[in-house]
Amino acid sequence: MPSESLRWETLQALKNSPKGKISFDPFWLERGEPLLAGCKDSPSLSPIAGVILERLSSAPLQKSSSFLGSRSGDSSPVLSEVSISSTGSVADVSARTAAFSAASLSDKVKDESPEADVSGVSSPTSLPAISLLSPKAMEMAGCIIKVQEEHREKAKLALRVRQEMQEKLVAAVASAESEQLKRFEELMELKQRQEYQSMRDMMERETKESIGRQEKLKEEQRRRITLVNLRLREAEQQRLREAELERQRQAEGRERLRSLNSIQEEILQLNQLLEPSTQTKTDLPPASLSSYSTRGNQLCSQVSEVVRKTAEGNFPSLEDMTVAERALHEMRALIRLMQEEAANVREKKKKEQEQEEERRKQAELLAKQEGEKKAAQLAKEKAQRKGLQNSAEDVTLKWYKDLQEAASRCAQSFEQLSSAKDGQTKKLKLELQKAATIPVSQIASNSGSQLREIFDKIDKLLSGRPVVSGGKSVSTSQHPQGLDFASYKLAEKFVKQGEEEVASHHEAAFPIAVVASGVWELHPQVGDLILAHLHKKCPYAIPHYPPMKEGTPVDEYQRILGYRVDDSGVEGQDSFLKRMSGMIRLYAAIIQLKWPYSSKQGPVPHGLNHGWRWLAQMLNMEPLADVTATLLFDFLEVCGNALMNQYRSQFWKLILLLKEEYFPRIEAVTSSGQMGSVIRLKQFLESSGKRNREGSGRKTWKSIK
């Protein structure tokens, strides 16, 4: 039927209506809202319900009446009260539909319980009046209620069936799992029993096999113990024999070692008697002392070589003891020879000292007379002199050339050592150069034992004895040209110290000069080499102004004059004057100082007479701008007091000549930009003249310094 096909649309419309979407709110009571506030409102249908009702309006009213008659046993009262207009509102239809639903529910109850129906019929109480809008609406409400009931019953039935199936399924699964667990436990128990049985069988077999192996091992062990005991007894007997032999060897070795130590101690004590530093009271010549000391050191080295072997854990052999004893006998013989020679030299020296004293007095007298004569001659020639010399005297030039030739011969003598190409000789050359130059570099303002230690080291090196340099022992006797090489480098280093150290620190001139004077006294060759190097680097120490020869390059001539010339050019005048000043100060200190620990009696090896000669020749030569004033000031400041003590009035005459006659010549050749050194010299001369008039000479010069 058309109306029945539209019932599901009606139900869907009701479901989508606001009343079909009521949701539960647990906070209704807290907010104070009534639970059934929404249910008491008038029901309303959606716009789709109105369309459905319009479609249903064409159906005959007999269906509604027959439907109502079938649902109620007494339809006359109901129909009598129903007066529905087909034009009623949707809200009225909804309200009446709800009332019809209630009536239909009551009819259903009556159908299910006849007794209730009978009581209802017989009851005199009349049913409430149901007002219906239209039969179509009533029919729709009934259909809705019927469908809801059917669906509710179907849902309950399906839920019940599903619950029963679920319970059956759970019971079946639980039963299957329980059975499977029981089978698994039985299987595990079976495996454990099998493993335990197999393990017990295996342990029994291994126990039997182990017992058998132990028996075999015990038998083998007993056999080996027997063999080992036999070998141990043999080894113990062998050890006892070797220990006895070792004790005997150790006892003999210790005895030889004690003898060797006593021999070395005696040799070292005897060697100390041969050292020049301990022979301060002997009159043996240095050459003899050096030869004795060298031989003594060689013998000590032989014994030390033997002892060095023992330091490695070995005892000296019979051959080593023979060498040591032979060295001891030779050392004793050497001491006896030295003592005999010392006694002879002492007798001879005593006679020579008396003669030397007489000669010294005569030499001093002659030097004084010569100085006085020279001063008088200078005073006489002062008025007649029209011009001064431009070069040194012939005697002075010959002396200068002889020194340069000697230095050249010395340099040529060690040419083989200097140009050696093998590593051993190069190493020896380097060690000798270090041993000669390092002690000189250590001289500064030290005094006393430090200077003496430095001097002793230099003296040992020049005497051919070994010295320690850089942790290594080196000696000039290791090479035939070693002595000449060391002497040349030592002299060169002394002059270089004057050029650098004294130029920067004037007070260093005296300690360096006193060591140089002591070396000069014992080794005159070194003194001549010092002069040769000094004259080559500073020709004004001669004094000599080398002329420029034809064909000589300017750079070469600058080198001859003492300037340093390199790729960057000629050094500045200030640097040049500073170096010249340092070397002149060193020379002025050398000519007046004597080594205080010297055993020789006599004047300084290169004494003050050379200083007097230098000063006189400087005043006889034309002055050079800036150079002459600087060198005269430095020379007089260092050595003036010693010259004054030596020559007294003659010295003051020379100073007066310098002040009145020579100084104006210096001022005449000096430009305005070079007046610094001239002013210093002028102030020095004025101060010395003033103080000479006020007091004694010695006091005056010391106060000037």
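# Close-up views of a predicted model

**View 1. A nonpolar surface patch that includes Met165.** Met165 lies in helix α9, which spans residues 135–274. The model shown here and in every view below is predicted. On the surface, Leu157, Val161 and Met165 form a nonpolar patch. Together these three residues have about 280 Å² of accessible area. Met165 has a relative accessibility of 56%. That value counts as exposed because the cut-off for exposed is over 50%.

View 2. The side chains of Glu219 and Arg222 meet here, with an N to O distance of 2.6 Å. Both residues belong to helix α9. They are 3 residues apart, about one turn of the helix. Glu219 is partly exposed, at 48% relative accessible area. Arg222 is also partly exposed, at 46%. This pair is shown as an example; a search of the whole structure finds 25 salt bridges.

**View 3. Packing of helices α14 and α16.** Helix α14 covers residues 423–441, and helix α16 covers residues 482–504. The two helices pack at an angle of about 35 degrees. Their axes are 9 Å apart. The crossing of α14 past α16 is right-handed. On the α14 side, the contact residues include Lys429, Leu432, Ala436 and Val440. On the α16 side, they include Phe485, Ala486, Leu490 and Phe494.

View 4. The side chains of Arg579 and Glu499 meet in a salt bridge, 2.6 Å from N to O. Arg579 sits in helix α20 (residues 573–590) and Glu499 in helix α16, so the pair ties together parts that are 80 residues apart in sequence. Arg579 is buried, with 5% relative accessible area. Glu499 is buried too, at 5%.

View 5. Glu637 forms a salt bridge with Arg585. Their closest N and O atoms are 2.4 Å apart. Glu637 lies in helix α22 and Arg585 in helix α20, so this pair links parts that are 52 residues apart in sequence. Glu637 is partly exposed, with a relative accessible area of 24%. Arg585 counts as buried, at 5%.

**View 6. A salt-bridge network that includes Glu499 and Arg579.** Salt bridges with shared partners join Glu499, Lys537, Arg564, Glu571 and Arg579 into one network.

View 7. Most peptide bonds are trans. The bond from Ile542 to Pro543 is cis, with omega near 0 degrees. Pro543 lies in a loop. This loop runs between α18 (524–537) and α19 (554–561).

View 8. Most residues other than glycine have a negative phi. Asp626 has a positive phi, near 75 degrees. Asp626 is found in the loop between α21 (608–619) and α22 (627–647). Asp626 is buried, with a relative accessible area of 10%. Arg648 also has a positive phi, about 50 degrees, although it is not a glycine. Arg648 lies in the loop between α22 and α23 (649–669). Arg648 is partly exposed, at 44% relative accessible area.

Terms used:
Residues numbered from 1 in each chain as written. Predicted model: local features only at pLDDT ≥ 70, side-chain atom pairs only at ≥ 80, totals over all residues. Heavy atoms only, no water. Patch = residues over 30% accessible without salt bridge, like charges linked within 9 Å, V, L, I, M, F, W, Y side chains within 5 Å. Areas by Shrake-Rupley, 256 points an atom, 1.4 Å probe, with all protein chains shown as cover. Salt bridge = Lys/Arg side-chain N within 4 Å of Asp/Glu carboxyl O. Helix = DSSP H or I, 4+ residues; strand = E, 2+ residues; numbered from the N terminus. Buried < 20%, exposed > 50% of the residue type's maximum accessible area, 1.4 Å probe, protein only. Axes fitted to C-alpha atoms, helices over the stretch in contact; angles between N-to-C directions. Left-handed = near helix turned anticlockwise from the far one by under 90°. Contact = heavy atoms within 4.5 Å.
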